[in-house]
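This report describes selected packing features of a protein chain. Please consult the sequence and the structure shown below while reading.

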Amino acid sequence: MSIGYACLTIGVQNTNLRSCTAKNVDKEKLLDLISHNLNSLENIIDYNIKNNIKLFRISSDLIPFGSSPINSLPWEEEFSSKLSEIGEKIKTSGMRISMHPGQYTVLNSPNIDVVNRAIDDLNYHTKILDALGVGSEHKIVLHIGGVYNAKEEAISRFITNYDKLNDSIKMRLVIENDDKSYNINDVLEIGTKLGIPVIFDNLHNEINCYDKEKNDVYWINKCKRTWKEKDGNQKMHYSQQNLLKKLGSHSNTIRFDQFMEFYERLGREDIDIMLEVKDKNLSAVKCINATTKDNKIKRLEDEWSKYKYTILENSPNNYLEIRKLLKNKNDYPVASFYNFIEISMEAEITVGNAINALLHVWGYFKNISEDKEKKSFYKSIEDYKQGKISISAIKNKLWKMTVKYNQLYLLNSYYFFL
């Protein structure tokens, strides 16, 4: 089993993607943006390899205006060496990648212009995966599309337009149930008829359910039949509802206990799970640590080094409890560890706790900083106490100092990002 995340990272340096508006596009700008984004992708892949993350979805924004006539660059040729280099890292590490076109890529639209743009977009996504040199187990995920007040006709259009696609797209395309129009039974019928692998999305199924008497495991096992050997392991999407937002909104983090209950019900290792969650790689590492057979406490110690100042800021009591947990080097208290972190992240931050954490982080600089930096920091503390500035303003100062003085421990901390 591989567990992964989608598109972006939290707390990982030099992994941001850049774009621009259509009116600012020119050849030099595009070359610069693509070069930057490919470097960022390589840094993400390196991070994934280091953290044993074997599943990753590449953002559709990798190549700005990639499927638009605005971008007429032969970018796959211009950057062929870089793309091959990244592809080799992916293949050598055993990582599986995917892509997921957005909501405007609609293959079953009654508007032929929309369909043609969708096909262009699928060609663009295919071109990226082909340029990376990865095999057919690296997929492009697509929703069926709209209903347009005539579901059977819409399904028929999807089938007709699917037949028009190049084989290079067909070998990568997989289809997924959505939370409004096409439930898992609809998608299974289409996938079975066309020979397309089907992705099961648990939250979409919870919202747009075909049969409430059949649980997730039933549908997951039924979807497995649509996956052939050439497609690689069956793949699914897993997410949890954000209880404070509208139905279908992804949670900020994957709840440890809820995920483990699902994992144990699943009872299988021959499936890849893509997490759809706001904290991205953080939840991926959490779920990997939760399910690993290599349950060495060093995994949790590494995690603690990244979370500790955030937890100190949120809950000093839980900070102390986690330190106690990690004292026994022969234990692997993964459930307690992440439950403490989850509880802490929901705590209301007080001014006193925030300043306490700030002063702990400042300890890395107090003996090496310049006088003007010292004065600025302590003035910021006083301004924060009086409500003149926000905590984020002080963190921004400390982050700049972290980079300036190359404090490696802090560079890897989540304190500046959560």
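On helix 13, the face turned away from the buried side carries the exposed residues Asn317 and Lys324. The model is a predicted one. Helix 13 spans residues 316-325, and Asn318, Tyr319 and Ile322 are buried in it. Viewed down the axis, these buried residues fall within an arc of 110°, so they line one face of helix 13. Their cover includes helix 12 (297-314) and helix 14 (334-345).

The count of aromatic pairs comes to 21.

Trp75 belongs to helix 2 (residues 75-78) and Tyr124 to helix 4 (residues 112-132), so their pairing ties together parts 49 residues apart in sequence. Trp75 is buried at a relative accessible area of 3%, and Tyr124 is buried at 4%. Trp304 of helix 12 and Tyr319 of helix 13 are 15 residues apart, and their pair links distant parts of the chain. Both Trp304 and Tyr319 are buried.

One aromatic cluster is formed by Trp362, Phe365, Phe377, Tyr378 and Tyr405.

Lysine side chains also meet aromatic rings. The charged end of Lys151 sits over the ring of Tyr182, 5.2 Å from its centre. Lys170 lies over the face of Tyr162, at 5.2 Å from the ring centre.

Another lysine, Lys139, is in strand 4 (residues 139-143). Lys139 counts as buried because its relative accessibility is 1%. Beyond its neighbours within four places in sequence, Lys139 contacts residues including Arg96, Met171, Trp227 and Asp231.

Technical notes: Residues numbered from 1 in each chain as written. Predicted model: local features only at pLDDT ≥ 70, side-chain atom pairs only at ≥ 80, totals over all residues. Heavy atoms only, no water. Helix = DSSP H or I, 4+ residues; strand = E, 2+ residues; numbered from the N terminus. Buried < 20%, exposed > 50% of the residue type's maximum accessible area, 1.4 Å probe, protein only. Contact = heavy atoms within 4.5 Å. Arc of directions from axis to C-beta. Phe/Tyr/Trp six-rings, centres within 6.5 Å; stacked < 30°, edge-to-face > 60°. Lys NZ or Arg CZ within 6 Å of the ring centre and 35° of its normal.
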